[in-house]
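Please look over the sequence and the model below before reading on.

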Amino acid sequence: MNLINFAVHFLTGLKLFFSMVFDIEMIKKVYAALPGKVEATRKMLGRPLTLSEKILYAHLYAPTTAAYERGKSYVEFAPDRVAMQDATAQMALLQFMTCGRDKVAVPSTVHCDHLIQAKTGAAEDLATAVDTNKEVYEFLSSISNKYGIGFWKPGAGIIHQVVLENYAFPGGLMIGTDSHTPNAGGLGMLAIGVGGADAVDVMAGLPWELKMPKLIGVKLTGKLSGWASPKDVILKVAGVLTVKGGTGCIVEYFGEGADNLSATGKGTICNMGAEIGATCSVFAYDSKMSAYLSATERADIAALADGVKDHLRPDAEVYADPSKYYDQVIEINLNELEPHVNGPFTPDLAWPISKFAQAVKENNWPEKLEVALIGSCTNSSYEDISRAASLAKQAVDKNLDVKAEYTITPGSELVRYTIERDGLLNTFDQIGGVVLANACGPCIGQWARHIDDPNRKNSIITSFNRNFAKRNDGLAATHAFVASPEIVTAFAIAGDLTFNPLTDKLKTKDGKEVMLDEPTGFELPSKGFAVDDPGYQAPAADGSGVQVVVSPTSDRLQLLAPFAAWEGTDIKGLKLLIKAKGKCTTDHISMAGPWLKYRGHLDNISNNMLIGAINAYNDKSDTVKNQLTGEYAGVPVVQRAYKAANIGSIVVGDENYGEGSSREHAAMEPRHLGVRAILVKSFARIHETNLKKQGMLALTFADKEDYEKIQEDDTFDIVGLTAFVPGKQLTVVANHKDGSKDEILVNHTYNEQQIEWFKAGGALNVIRAQFAAAKA
C-alpha cells in the first residue's frame, strides 16, 4: 500500500470511528418503551411527573403496581450502562471476574485517566505513566477485551468528558465508579456515582438497588451574561445546600434559565453536584442538548430524542407549580448571579466575587496566588477553554504580566485536538501556560508540584470540583479555592486573590492601568470537533480465548479472596481503632495521590487506611493507641496488630462520614484488616452503600450526643445481631477501662437484601453463590 493510499485508508477509518454511534440499538429500545412507561407511571401515581420520576420509573428492574416512597423505599433498577475509571475499575473487575459470567450484561467501559501524574507536561507525563503503569494498563486492557468492555487508553481523556462526548443520552440511566459520574446529567441522563460492587451487580445482569431519592428542584430564570458562568450556578447552590444538603436527593434543574445554558455548562453543574452529596443532578432535554449531540456526531440520537422530547422533560404542571412536586425548591435568577469563589478546604464555602477580597483579608488567607489551574472533568469544554483563552489573549494584547503559574488540563483528546487546531493552545502558550495530559492530574492529587517549602501557607485556585485539604497537592498548608475557568484565568493574570476582575484595574508592563474586558467564547467550535486518534479499543467479539494474568508476586495487582461470612452471633470484644474528629472524607479514609498505584492490590493499599483521619484524643492524624501495648502507632499498623491477634475493631466518626469520592477502597480496606463496624453521626450515601456491600456494619448514633461517651480505651459489644431485621435498632455496649459501661442505641438502614449481604460476608459472596447454583 503506497503512502497516499495508506493515508486515505487511515483517515477513512477515523471518520468511520468518529461517525459511529455507540449502543444505538439499546438507545432505540429505551426510547421505544419510554412513552408507554411514562404514561403507566403517570396513571399509577395519579399526577404529573418530574423528569427524574419519568427516568427512574422507566428503568425499574421489574414493574410495580404501587408508588415508591421518596427517601424510604428501596428500589431495584436496571441501568442502561456502566462506566469505570482505571483506579476503581481494577477492584471492580477483580470482583467481576470471580462472579462466573462470560461477558458483561450491559454496555460497559473503562477509562484510563487517574494514574497519570502531572509533572512537566502532557507528552512527558503520559509517556511516564504508560511505562510506570504498564502492568495495570495491560490488565485492564485484557480483562476489558475478555468480558466485552470498551477500553479507552491512557491519554484518551477523563471518564466524564469522554462519556458526555460518546455515551450519555437524554432519558438514560447510568452508574459509574466515580463520584462525578453525574456529569452526564448535562445531556439529560440520570448518571449516578457508585462503588465497584454496585457496578459488578449491573455488569452481572442483576438489579441495582437505590433508596428512592427525594427531589430538589432548582428553578433557573433569566440568562447568564458577562463574567458569570454555569460554574457559578453550582458554586452558589453548594453555598445554599452545603456539602450534605443534597444527600439522598436528585437535583433537577428547570426553567428558562436552564434551557439557556449550553449542554457542557449543564454538565459542569451536574458534575459538581457531587459536592453537595446529591445522588445526581439532571437537566431536561432541549435544543442545546440536541446541538451538542449533533456536534459530537450523534445526530441520530438527537433525532430519536426529538421524537419523545415531551417525555424527556417535566410535565407542564410541574413547571407551573414546582413546590407541589419537589421536596424542596430553590430559585436562582441568572440575570443577577455574581461569579463566585468557593473555599478554602471545602467546596461549599461560597463567596460572591464582590465579597471575596474582604473574606481573604479577614481570614488571613494568603493573598498571593501561586498557581491557577483550569480544565478537568468539570470545566474542560470548548466553551470553557475558549472563554479562558479570550482572557489569555487580552493579557498578551494589553501587555500584562501573568503573575501566577498557569496550567490547562483538557478533558479529552477530542477537546485537546480541536483547541490546538483552533489556536487556543498557542494563546495559552504565549502567557506561559503549561498543557497537562488529558487526565485527572492535580484535581485528584496526581500532581508533582514544585514548591520551595511544602509547609508554607500558600494559595491556589482551580476550576476543578473538590478542594479538601491536601486534595490537589498533598500539602496541608495549601489553601485551594474553586471558581470558573474565566475567574481562575483572571486571578492568574493578577496573581492576587484580592483582585476583582469586574471592578479592579491592572498595571501593564509599562505602568499603564487597564481593565480586563468580559470573557467571550463559543459553545461549540465553528469548524466542528476533530481528532486523529480518540484512543478507543473495542473488545473482542469472543473473549473466551483471552487470558487475564495477574502475577502472584505483583505489588500492583492482587486476586481477591472472599471475605468471611458472619459468625452467627453478637460480635463482642471489639477494640476502638480510632474516634475520628470532624470532617472524615474518603480522602481521609483512603488517600489518592501516590496511593493510586495500589488500587488493584487490596493488602498494599490498606496501608493508607484512615491515615488522614484526625484522632479525637490527640488531634493528630495516623497516631492511635494500641490497646494491646499501650503505645501509639499508625492506624494501619495498630489495626494489623489487632488482626494478627484475631481481635476485631470499631471505627467511630462524626457527621457525613465518607463524604467525597465513590472509592470503595475506603470500605474494603477496613473490612480486609478486620474492622467490623463503623459507628458515626451520619454517613455520605455512597460510602454507606459501599460498607454494606462489603459485609460491614454501618451504624449511626440514635442520639448523636452519644459520640461524646466513646473513650479511648473502650472495648465494644454489638448486641441484637441474631435478630437483625430492617428498622430495628441494635445496641452497642461501650465497656470502659474503669469497669463502667454505656449501652448506646444505634440505628441502621439495612433492608432484607442488605442484611443477607452482611450474613454472607459481602454482596459478592451472594452473587457468586447465585451464579454457582444456576450453573449446577
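Buried means under 20% relative accessible area, exposed over 50%, and partly exposed in between, with a 1.4 Å probe and protein chains only. Helices (H or I, at least four residues) and strands (E, at least two) are DSSP runs, numbered from the N terminus. The model is predicted, and local features need pLDDT of at least 70, side-chain atom pairs count only at pLDDT 80 or more, and totals for chains, interfaces and linings use all residues. Residues are numbered from 1 along each chain as its sequence is written, and side-chain values use heavy atoms, with hydrogens and water left out.

**An enclosed helix**

- Helix H19 (residues 485-494) is largely enclosed by the rest of the structure, because ten of its ten residues are buried.
- Among these buried residues of H19 are Pro-485, Glu-486 and Phe-491, and just after the helix Gly-495 takes a positive phi of about 70 degrees.

**Pockets**

- A pocket is an open set of points on a 1 Å grid over the protein atoms alone, where a 1.4 Å probe fits, with protein on both sides within 12 Å along at least five of seven lines, and lining residues have an atom within 4 Å of a point.
- The largest pocket holds about 860 Å³ of space, a volume being the space filled by probe spheres set on grid points that are joined across faces, edges and corners.
- Its lining has 36 residues, of which Lys-470, Gly-474, Ala-592, Gly-593 and Pro-594 lie nearest the centre, and helix H5 gives the most, with five residues.
- The second largest pocket has a volume of about 660 Å³, and helix H24 supplies the largest share of its lining, five residues.

**Salt bridges**

- A salt bridge is a side-chain nitrogen of Lys or Arg within 4 Å of a carboxyl oxygen of Asp or Glu, and by this rule the count comes to 38.
- Glu-275 and Arg-466 form a salt bridge, with their closest N and O atoms 2.8 Å apart.
- Glu-275 lies in the loop between helix H11 and strand E10, and Arg-466 in the loop between strands E17 and E18, so this pair ties together parts that are 191 residues apart in sequence.
- Glu-275 counts as buried at 3% relative accessibility, and Arg-466 counts as buried at 1%.
- Lys-72 and Glu-69 also meet in a salt bridge, at 3.7 Å from N to O, where Lys-72 is exposed at 58% relative accessibility and Glu-69 is partly exposed at 43%.
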